[in-house]
Amino acid sequence: YVITAASPIYADIYYLDQDPQKFSDYSHNPYQFTPNVQADIAPGHPWVSPTVMLSNPDQYAMVSVSTGSEPGTPQFHCALIVDGVVKASKDGPKGALCSLRNW
C-alpha cells in the first residue's frame with residue numbers, strides 16, 4: 001500500500017494487514033485486522049506500508065486515508081500494489097479508499 005499527498009498533512013491511515021480465518025471474524029471486529037497509523041505525508045514523502053502478505057488479496061486488500069481532524073485539502077492518492085502490479089488506485093481531496101473487495 002502507498003499513500004501520497006499533493007500538500008503536507010498528518011493523516012489517518014487504516015490498512016488490512018492479515019487475512020481473517022473467516023469473514024465473520026472480520027465482520028465482527030474489523031479493527032483487529034486493520035491497524036490504524038498516523039503519518040506525516042507530503043510531496044516526495046509518501047507513506048508506504050510494511051510488506052503485507054495476504055493469502056487472498058482479491059477478497060481483503062484495503063487501504064484508506066483521511067485528514068482525520070486535521071484542516072486542509074491535501075489531495076490524497078492511494079495505490080494498492082499486489083506482486084509489483086498496481087491493482088487499484090484512487091484520488092480524493094480529503095480522503096481515499098483503495099480496495100479490491102466487492103463488498
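**View 1. The hairpin of β6 and β7 in the predicted model, with Asp83 between its strands.** Two residues lie between the strands of the hairpin formed by β6 and β7, and in this hairpin Asp83 takes a positive phi near 50°. Asp83 is found in the loop between β6 and β7, and its phi is positive although the residue is not a glycine. Most residues other than glycine have a negative phi. Asp83 has a relative accessibility of 78% and therefore counts as exposed, the cut-off for that class being over 50%.

**View 2. Gln75, in the loop between β5 and β6.** Gln75 has a phi near 60°, which is a positive value in a residue other than glycine.

**View 3. The largest pocket and the residues that line it.** The space in the largest pocket amounts to about 260 Å³. Its lining has 13 residues, and those closest to the centre of the pocket are Val52, Met53, Ile81, Val82 and Asp83. Strand β6, which spans residues 76-82, gives three residues to the lining, the largest share. By residue class, the lining divides into ten nonpolar residues, two polar ones and one charged one.

**View 4. The largest nonpolar core and the surroundings of Tyr1.** The largest nonpolar core has 26 residues, and those with the most contacts inside it are Tyr1, Ile3, Ile13, Ile41, Trp47, Val63 and Phe76. The elements that give two or more residues to this core are β1 (2-5), β2 (9-15), β3 (36-41), β5 (62-66), β6 and β8 (95-99). In soluble globular proteins, nonpolar side chains tend to be buried together. For Tyr1, when neighbours within four places in sequence are left aside, the residues in contact include Tyr15, Leu16, Trp47, Val48 and Ser49; also among them are Val52, Leu54, Ala61, Met62, Val63, Ala79 and Leu80.

**View 5. Strand β2 and its pairing with β3 and β5.** Strand β2 has a covered face, made by Ile9, Ala11, Ile13 and Tyr15, and an uncovered face, made by Tyr10, Asp12 and Tyr14. The pairing of β2 with β3 is antiparallel and has six bridges, and Ile13 has Val37 in β3 as its bridge partner. The pairing of β2 with β5 is likewise antiparallel, over four bridges, and here Tyr15 stands opposite Val63 in β5.

**View 6. Ser64, a residue of strand β5.** Is Ser64 buried or exposed? Ser64 has a relative accessibility of 18% and therefore counts as buried, since the cut-off for that class is under 20%. Leaving aside neighbours within four places in sequence, Ser64 is in contact with Asp12, Ile13, Tyr14, Ala96 and Leu97.

**View 7. Ala61, in the loop between α2 and β5.** The helix on one side of this loop is α2, residues 57-60, and the strand on the other is β5. Ala61 is buried, because its relative accessible area is 2%, where the cut-off is under 20%. Apart from neighbours within four places in sequence, Ala61 is in contact with Tyr1, Leu54, Leu80, Cys98, Ser99, Leu100 and Arg101. Ala61 and Tyr14 are 47 residues apart in sequence, and the distance from C-alpha to C-alpha between them is 11 Å.

Notes:
Residues are numbered from 1 along each chain as its sequence is written. This is a predicted model: local features need pLDDT of at least 70, side-chain atom pairs count only at pLDDT 80 or more; totals for chains, interfaces and linings use all residues. Side-chain values use heavy atoms; hydrogens and water are left out. On a 1 Å grid over the protein atoms alone, a cavity is a set of points where a 1.4 Å probe fits but cannot get out, and a pocket is an open set with protein on both sides within 12 Å along at least five of seven lines; lining residues have an atom within 4 Å of a point. Grid points are joined across faces, edges and corners, and a volume is the space filled by probe spheres set on the points. Ala, Val, Leu, Ile, Met, Phe, Trp, Tyr, Cys and Pro count as nonpolar, Asp, Glu, Lys and Arg as charged, and the others, Gly among them, as polar. A nonpolar core is a set of buried Ala, Val, Leu, Ile, Met, Phe, Trp, Tyr and Cys residues joined through side-chain atoms within 4.5 Å. Buried means under 20% relative accessible area, exposed over 50%, partly exposed in between (1.4 Å probe, protein chains only). Contact means heavy atoms within 4.5 Å. Two strands pair if DSSP finds at least two bridges between them.
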